[in-house]
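Subject: Structure handover

Hello,

Here is the structure I said I would pass on. My notes on it follow below.

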Amino acid sequence: MNYGEKYSKLGNALEPSLIGQILKYASDPDAISFGGGVPDASTFPAKELADISRELILNESGYVLQYSSTEGDLGLRKEILNLLYRFYGIKGLTEENVLITIGSQQALDLIAKVFLDERSYYIIDDPAYLGALSAFNTRFSEFVAVPLLGDGINTDLLEEKLKILEKNGEIRKVKFIYVISNFHNPAGITFSPDRREKILEIAERYNFFIVEDDPYGALRFEGKKVDPIFKLGGQKRVVLLNTFSKVLCPGLRIGVVIGDKDLIKKLALAKEAAVLCSPALNQRLAAEYLKRYDLLEHLKPVINLYKRKKDIMLEALKKEFSNVEGVKWTKPEGGLFIWMTLPNGFDTMEMAEIAKKKKVFYVPGQAFRPSGERSNSLRLSFCLPPEEKIVKGVKRLKEVVEIYFNQKSNVLI
Ligand SMILES: *Cc1c(COP(=O)(O)O)cnc(C)c1O
């Protein structure tokens, strides 16, 4: 059987990601990888989770090993509302406003399925989160890409693009804007209060909704907490995505959608068609963990660990690159990523060949561009390498940039 002849349009479009191909060599023990955006496994509360799961399986097997409700475990949904109130002061919600998903990735997939057709538009930042791009791409929709500035998306440009769509009679096809308001992946930036207000105002004016993805909000090292757009705009305009992946552990695959209850019901129907329900065991495990321990307390040493690594990387970047003209990088107040931009004319995808030889790995900016254009930026993740390797890795990166520059100097100057 030649399966290829039988593929659907989507089947034909599915291709291995650039990241996978680039990071294939990053597991070499001499390699230093700033590539993977996964949390440090030493931060997972393994002992606590092991004890709870043993108890649950022994005492509640009829529930935790059984099928469960599509919307998700009631106790877990209550704990999540509690956390949202404690952390952001968000109140006035009930369990009906909460859907548990299999990671935020499933939430993105369900939103794509429920809202996007081939003739729909969504608005996305450039650079954008790869998981969102791959979920939305399965719908073959049109999109409006809006560049990121230091404090959020370029809202002036967004308005210009929307005006054009309005003039062409296409504005009703715009369904939503997707934003990561805190410690953006990959760009490391945080949306300012003004940008958040402005996005809300534009969404109200042009009548589309906002998908606010906030996996890193609780991983703030410094600066002042900013209200989520959800808190400003409410459930009629904003859908808030959360996940335990970066604050507890990604292996439980627990994501959360917070939104209008009719929307939650619709997304639950789509979830039922996809997976019937999330694993009851994982949900009870998370709910019990939240009941017995204080997640925000657990996060304090985790935040310290990431902050220290971030400071070491910023220090190393300053040492190696501060006198290289045209090089800049973001200084994140939280999260896991630094976004570095090299002078115009650099192509970080092409440069990755040299990086591979020097055994330092990063993700080229091109991987995060909605239209896949070339990029002179790259994503550096500081969460995984030990501290001394961060310093060494940045030194190697400097060598890579120099070699690339010398090879290309006729083109670059
Ligand atoms: C890591 C990450 C997630 C988490 O996805 P899960 O499917 O919950 O593991 C979601 N959004 C962004 C922007 C991320 O960086």
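Helix H6 (residues 103–115) packs against helix H7 at an angle of about 35 degrees, and their axes are 8 Å apart. (Helices are DSSP runs of H or I with at least four residues, strands are runs of E with at least two, and both are numbered from the N terminus; axes are lines fitted to C-alpha atoms, for helices over the stretch in contact, and angles run from 0 to 180 degrees between N-to-C directions.) Gln105, Leu108, Asp109 and Ala112 of H6 meet Gly131, Ala132, Ser134, Ala135 and Phe136 of H7, where contact means heavy atoms within 4.5 Å. By class, these residues are five nonpolar, three polar and one charged. (Ala, Val, Leu, Ile, Met, Phe, Trp, Tyr, Cys and Pro count as nonpolar, Asp, Glu, Lys and Arg as charged, and the others, Gly among them, as polar.)

The model is predicted: local features need pLDDT of at least 70, side-chain atom pairs count only at pLDDT 80 or more, and totals for chains, interfaces and linings use all residues. Residues are numbered from 1 along each chain as its sequence is written, and side-chain values use heavy atoms, leaving out hydrogens and water.

Next, the sheet. Eight strands form an open sheet with mixed pairing, in the order S2-S9-S8-S7-S6-S3-S4-S5; two strands pair if DSSP finds at least two bridges between them. Strands S2 (98–102) and S5 (152–153) are at the edges with a single partner strand each, so one side of each has no neighbour in the sheet. Strands S7 (residues 209–213) and S8 (residues 238–243) run parallel and are joined by four bridges. Helix H7 (residues 130–137) lies across S3 (121–126) and S6 (174–179), at about 155 degrees to S3.

Last, the cavities. The structure has two of 30 Å³ or more. (On a 1 Å grid over the protein atoms alone, a cavity is a set of points where a 1.4 Å probe fits but cannot get out, and lining residues have an atom within 4 Å of a point; a volume is the space filled by probe spheres set on the points, which are joined across faces, edges and corners.) The largest cavity has a volume of about 270 Å³. Among its 17 lining residues, Leu83, Leu84, Ala218, Asn242 and Val247 are the closest to its centre. Helix H5 gives the most to this lining, with five residues. The second largest cavity holds about 50 Å³, and its lining includes Pro39, Phe44, Lys246 and Tyr306.

Regards

Technical notes
1 Å grid on protein atoms, 1.4 Å probe; cavity = no way out; pocket = protein on both sides within 12 Å on 5 of 7 lines; lining within 4 Å.
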